[in-house]
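Here is a quick walk through the model, helix by helix and core by core. Keep the viewer open as you read.

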Amino acid sequence: MSLEAAAHAGQSRKASAESFTSDPSLVLVTSIGLATFVLHVLTSGGYGYQRDELYFINNAQHLAWGYVDQPPLIALVAKFALFVFGESLTGLRFLPALAAGATVVMAGRIARRLGGGLLAQGLAMVALGLAPFYLAIGNLLTMNAFEPLLWTSAAYVFLKADEDERIGRWLLLGLILGLGFLNKYSMFFYAGSAALAIALSPQRRALKRPGLRLALGVALLLVTPNLMWQAGHGWPQFEVLRNAAAGKNVALGPLRFFGEQILMMNPLSALVWISGLGFLLFSGDGRKMRWFAFTYLILAGVYIGLQAKVYYLAPIYPILIAAGAVAVERALRPRPVLAYAYVAALVASGLVIAPEAFPLLPLPTFLGYQRLIDVRGIKMEKHPEGLVPQHFADMLGWRTLAETMSRAYEDLTPAQQAEAVILTRDYGQAAALEFFASDYDLPAALSGHNNYYLYGTKDSSGDVVLALGLDPSFLRTEWRSVKRVATFHDRYLLPDQNDLAIYLCTERMQDFALWWPRTKHYI
């Protein structure tokens, strides 16, 4: 490099740095986004691997274009995390933390695009970043961790593409929609609601643009292999949804559904997102995104009608919060002290709620804290109440399970150990036992729950089976001898996941593979 080129490069770097520091908005959103990311990384060690994380880790060992209960992207993300970080819990949750920070940044940038100043941008990022739901998902490797970023990015890119019609933006929109579909099927409901909303809004002209058709074509191209997988396996996702609605999910009426939206997003921030809904519906400055307010109303109605879980609507809030922050900023402009006091109250309330949302305190300390704030009554699924909320209980007890099963396995004769496999009630148990198998010298784990059912018997004879948590009368349809040999207990588990019997099953009556279909449990 010549001296002149080096000097020019140095001047360019200096100009870029000066441009960054001279833009207070860019400094603000970067700082809060980075703080959000760091918060989640520092607290990601948590209480342990969560049930679904263990399942996704197992899915990563069986990469496919589809799974019984989810699209393929999360397994690929888990595979990448394991390759880069190994089995580190912090490493596993690095990308969710990054997504949390990026979503907060998006909220700030959208607030600016809607005409908000620094107060609106900061308010939007704080309200979103410290919402209980968003604190929780930034600490877990789940599909939910990436859903808000994909939904928000899709809306933001559509807004920009509709303004300038650049082909690159439409292609990007198609990529985001496709990734959203491959992350979680809820993207179908979101995109469908958005399409209907756009048709009802001033942006309806966009439905005739060739660019939008191109975007939908790209998305369809990406999702087609997964749809083919689902079709080839008899559309198991529909069976999962039907069974979950009938026997697993807590059904809520409209009032309670919206009431729990308020709790999930922090009651103090309700002023922000409800103002955002009003801003988009009635303000002149919100006209270009009025379709998004319609999307919210349509999607909420769909989810209430389907008796969906409360948190299924949560990914839609970043834009409502961004719009509401602009409305709040304008309303409180004559009273700046009140405005900053409200932001401070949001921060304080978010920090107070935080220990209930993600693993911030040691368990003994948390139990004491829970006497002050107890969220166990807010339930998404039909489980009896335990010592800690379900989202924490699902992170606990896995090593205890492996240790208990290891003792039962060690009590077998050498001949029995050579033939033995484990049969569990659900995928979390099976995935945990496989994950810790090398630490405790455990045999293969089987289950009829969701994608584990497709893995089948793994060539096991079924002559010796250690069955966990299954009804002994069901087990006796295959084995003449069913003897209780141990009990799995951990004080932090939910009651219906605790004190589970471990049975030694021998004297098989029919071919194990022929009996296997009776284990199928899609929910």
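This is a predicted model: local features need pLDDT of at least 70, side-chain atom pairs count only at pLDDT 80 or more; totals for chains, interfaces and linings use all residues.

## Helix H4 and its surroundings

H4 itself covers residues 73-85, so 13 residues in a row. From first C-alpha to last, H4 reaches 18 Å, close to the 18 Å expected at 1.5 Å a residue. Its buried residues are Leu73, Ile74, Ala75, Val77, Ala78, Ala81 and Leu82. What do the buried residues of H4 pack against? Their partners are helix H3 (51-60), helix H5 (89-92), helix H6 (94-113) and helix H10 (167-183).

## The nonpolar cores

Now for the cores. The largest nonpolar core holds 145 residues, and Phe292 and Tyr317 have the most contacts inside it. Setting aside residues up to four places away in sequence, Tyr317 touches Tyr134, Gln261, Met264, Met265, Trp273 and Tyr296. Apart from this core lies another one, of 19 residues, with Val68, Leu470, Tyr503 and Tyr522 among them.

As general background, nonpolar side chains in soluble globular proteins tend to be buried together.

## Helix H16 and what covers it

Helix H16 spans residues 290-305, 16 residues in total. It reaches 23 Å from first C-alpha to last, close to the 22 Å expected at 1.5 Å a residue. Buried in H16 are Arg290, Trp291, Phe292, Ala293, Thr295, Tyr296, Leu299, Ala300, Tyr303 and Ile304.

The cover over those buried residues includes helix H9 (147-164), helix H11 (186-199), helix H14 (254-264), helix H15 (270-282) and helix H17 (317-331). After H16 you run into Gln307, with a positive phi near 55°.

## H15 against H17

Two of those covering helices also pack on each other: the axes of H15 and H17 are 6 Å apart, at an angle of about 85°. Angles of 65 to 115 degrees count as roughly perpendicular, so H15 and H17 are roughly perpendicular to each other.

On the H15 side, the residues in contact are Leu271, Val272, Trp273, Ser275, Gly276, Leu277, Phe279 and Leu280. They meet residues of H17 including Tyr317, Leu320, Ile321, Gly324, Val328 and Arg330.

A polar atom of the Glu329 side chain lies 3.5 Å from the backbone nitrogen of Leu119. Not counting residues up to four places away in sequence, Glu329 touches Gly116, Gly117, Leu118, Leu119 and Ala120.

Asn498 sits in the loop between strand E4 (479-488) and strand E5 (500-508). At 10% relative accessibility, Asn498 also counts as buried. Its side chain makes a polar contact with the side chain of His489, at 3.5 Å. Leaving aside neighbours within four places in sequence, Asn498 is in contact with Phe488, His489, Asp490, Arg491 and Leu493.

## Positive phi in two loops

Glu165 is not a glycine, yet it has a positive phi of about 55°. You'll find Glu165 in the loop between H9 and H10, where it counts as partly exposed at 46% relative accessibility.

Asp441 also has a positive phi, near 55°. It lies in the loop between helix H24 (437-440) and strand E2 (445-447). With 57% relative accessibility, Asp441 counts as exposed.

Notes:
Residues are numbered from 1 along each chain as its sequence is written. Side-chain values use heavy atoms; hydrogens and water are left out. A nonpolar core is a set of buried Ala, Val, Leu, Ile, Met, Phe, Trp, Tyr and Cys residues joined through side-chain atoms within 4.5 Å. Buried means under 20% relative accessible area, exposed over 50%, partly exposed in between (1.4 Å probe, protein chains only). Contact means heavy atoms within 4.5 Å. Helices (H or I, at least four residues) and strands (E, at least two) are DSSP runs, numbered from the N terminus. The expected span of a helix is 1.5 Å times one less than its number of residues. A polar contact is a pair of N or O atoms within 3.5 Å; within protein, one must be able to donate a hydrogen and the other to accept it, and residues adjacent in sequence count only if both atoms are side-chain atoms. Axes are lines fitted to C-alpha atoms, for helices over the stretch in contact, and angles run from 0 to 180 degrees between N-to-C directions. Angles under 35 degrees count as roughly parallel, over 145 as roughly antiparallel, 65 to 115 as roughly perpendicular and the rest as oblique.
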